Amino acid sequence: MKNKIYNIISGIAICGVLLGTSLVQTGCRKEMFMPEPEGTAVPYKDSISNDLQTYLKSSPYKLFYAAWQRSNMQKELEAMGSKASVTLLVVDDAAMKAAGLDETEINKRSPESLLEVVKYHMLRDKMEPMSVQPGQLSYHRTTLLSRTDLVERINRAGSAVSFTVPYTYRHYVAMAKDSQLIINGKLCGNQKPVVVKNGIVWPVNRFLQKPEQHVLDILQGDPRFSILVAINQLNNDAWFEVAMGSFERWSGLFLTAGEWDNNVIFNSYFAPTDDAFHQAGIFTVEQLQEINSRFTPEFVFDPFYGMTGLLPTDSVLDYHNWGRLLAPKTSTGESPVFKPTVFYSNDLDETLLSNYTISVSKPDLKPAPMPLAFIREGNTIKVKVRGAKTPAATVTTADINTLEGPLHIVDRLFIPDDFKVK
């Protein structure tokens with residue numbers, strides 16, 4: 001009986017295998033439903049046939065191509081490897097001439113100086129058109145130009161540990177409503193980008209001048225900022241003494257890199273002129289020192305490790321640096337993680353910044369909201385402490401490009417309602 005059952009099961013299994021094999025052999029195949037080819041085959045041709053060098057050679061950008069050739073940039077590009085994909089912000093001839101770089105001047109300059117010019121107009125990655133759209137904050141793009149006498153701190157993806165690398169120049173790119181490219185706060189035309197084998201070319205109608213100075217270099221060299229420079233130094237010295245070097249004074253973030261470690265912190269800053277202090281009833285540094293005498297911050301260990309508060313005048317100057325020190329701390333004195341605040345004039349818009357947070361949330365810390373409000377009146381930009389009744393300041397000069405980022409000059413102090421000058 002067992003043998004009979006076994007034979008029946010075996011027979012069924014064998015039939016199944018044979019049936020499956022038959023179905024595989026006789027099943028529907030793609031070629032059964034493919035129509036017969038008609039006509040002649042069209043040979044494939046790659047529409048992106050030029051690399052950067054070839055494109056520039058036949059382009060209308062003769063002066064930039066002359067600088068490219070004399071700078072030996074092609075060799076630099078080849079050294080990056082065959083997989084390199086870059087963006088070239090190619091300057092038209094009119095803008096090159098306006099910057100003093102006609103054919104005669106280009107032939108006078110050294111290849112090394114021209115290489116700096118070309119590298120400053122090149123981005124390390126391919127800037128796709130879809131990544132630059134109207135109604136967005138400027139996004140930083142890293143150039144091919146760096147310098148070894150300065151450093152910056154970066155974090156690798158997924159790591160909270162920062163390390164230093166050579167300082168690299170950046171461009172902050174956005175797009176206007178009329179599709180004009182905006183670079184570092186300046187309109188640069190709306191020419192269509194061209195894709196090449198090793199990247200993409202964005203034509204621009206403005207020569208991009210690399211920054212040469214730190215924020216503090218500019219402020220110290222301009223007599224309009226004598227009060228700001230003086231009180232900044234006094235407050236820095238006082239803060240360093242009471243904080244025993246353990247807490248950075250973010251209100252003085254425009255300190256020149258190189259005083260301690262050549263580290264550049266990217267940031268934008270609103271600089272009040274002497275007249276801005278006068279508008280608030282402050283005419284001398286001595287008056288500011290009097291205000292500071294109202295309260296002296298202290299370094300404390302119990303119940304947590306931290307500072308008891310700010311210098312009184314820093315509670316105002318701090319707003320000119322995006323209210324950094326107004327962010328809360330944890331019960332153990334842990335500081336928040338600050339978000340980037342490199343904002344050019346096109347970014348100083350209430351619709352773009354009203355919901356921007358100055359610091360990110362983390363355990364026991366809430367994100368710090370944007371403390372400033374922005375008012376647009378035609379081409380005029382005004383800034384004030386959010387919710388304050390004090391008059392708004394006008395940005396009289398915007399987008400002074402520095403090694404840290406843009407410096408904006410304002411004609412009033414950002415004063416909260418609860419701050420009394422007298």
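Two strands are taken as paired if DSSP finds at least two bridges between them. Helices (H or I, at least four residues) and strands (E, at least two) are DSSP runs, numbered from the N terminus. The model is a predicted one, in which local features need pLDDT of at least 70, side-chain atom pairs count only at pLDDT 80 or more, and totals for chains, interfaces and linings use all residues. Residues are numbered from 1 along each chain as its sequence is written, and side-chain values use heavy atoms, with hydrogens and water left out.

Strand E15 (residues 380-385) pairs with strand E16 (residues 393-401) in the antiparallel sense, over 2 bridges. Val383 stands opposite Ala393 in E16. E16 also pairs with strand E17 (residues 406-410), again antiparallel, over 4 bridges. Here Asn401 stands opposite Pro406 in E17. The hairpin of E16 and E17 has 4 residues between the strands. Gly405 takes a positive phi near 150° in this hairpin.

Gly405 and Pro406 also touch Asn267. Asn267 is placed in the loop between helix H9 (226-243) and strand E9 (269-272). Its relative accessibility is 6%, so Asn267 counts as buried (buried, under 20% relative accessible area; exposed, over 50%; partly exposed, in between; 1.4 Å probe, protein chains only). Contact means heavy atoms within 4.5 Å. Residues up to four places away in sequence aside, Asn267 touches Leu253, Asn321, Trp322, Arg324, Thr341, Val342, Glu404, Gly405 and Pro406. The side chains of Asn267 and Thr341 are joined by a polar contact of 2.6 Å. A polar contact is a pair of N or O atoms within 3.5 Å; within protein, one must be able to donate a hydrogen and the other to accept it, and residues adjacent in sequence count only if both atoms are side-chain atoms.

On a 1 Å grid over the protein atoms alone, a cavity is a set of points where a 1.4 Å probe fits but cannot get out. A pocket is an open set with protein on both sides within 12 Å along at least five of seven lines, and lining residues have an atom within 4 Å of a point. Grid points are joined across faces, edges and corners, and a volume is the space filled by probe spheres set on the points. The structure holds 3 cavities of 30 Å³ or more.

Ala, Val, Leu, Ile, Met, Phe, Trp, Tyr, Cys and Pro count as nonpolar, Asp, Glu, Lys and Arg as charged, and the others, Gly among them, as polar.

The second largest cavity has a volume of about 60 Å³. Asn267 is among its lining residues, as are Leu253, Asn321, Glu404 and Pro406. This lining has 6 nonpolar, 3 polar and 1 charged residues.

The second largest pocket has a volume of about 540 Å³. Of its 19 lining residues, Ala176, Ile182, Asn346, Asp349 and Arg376 are the closest to its centre. E4, strand E6 (186-187) and helix H13 (350-353) each supply at least two residues of the lining. The classes are 7 nonpolar, 8 polar and 4 charged.
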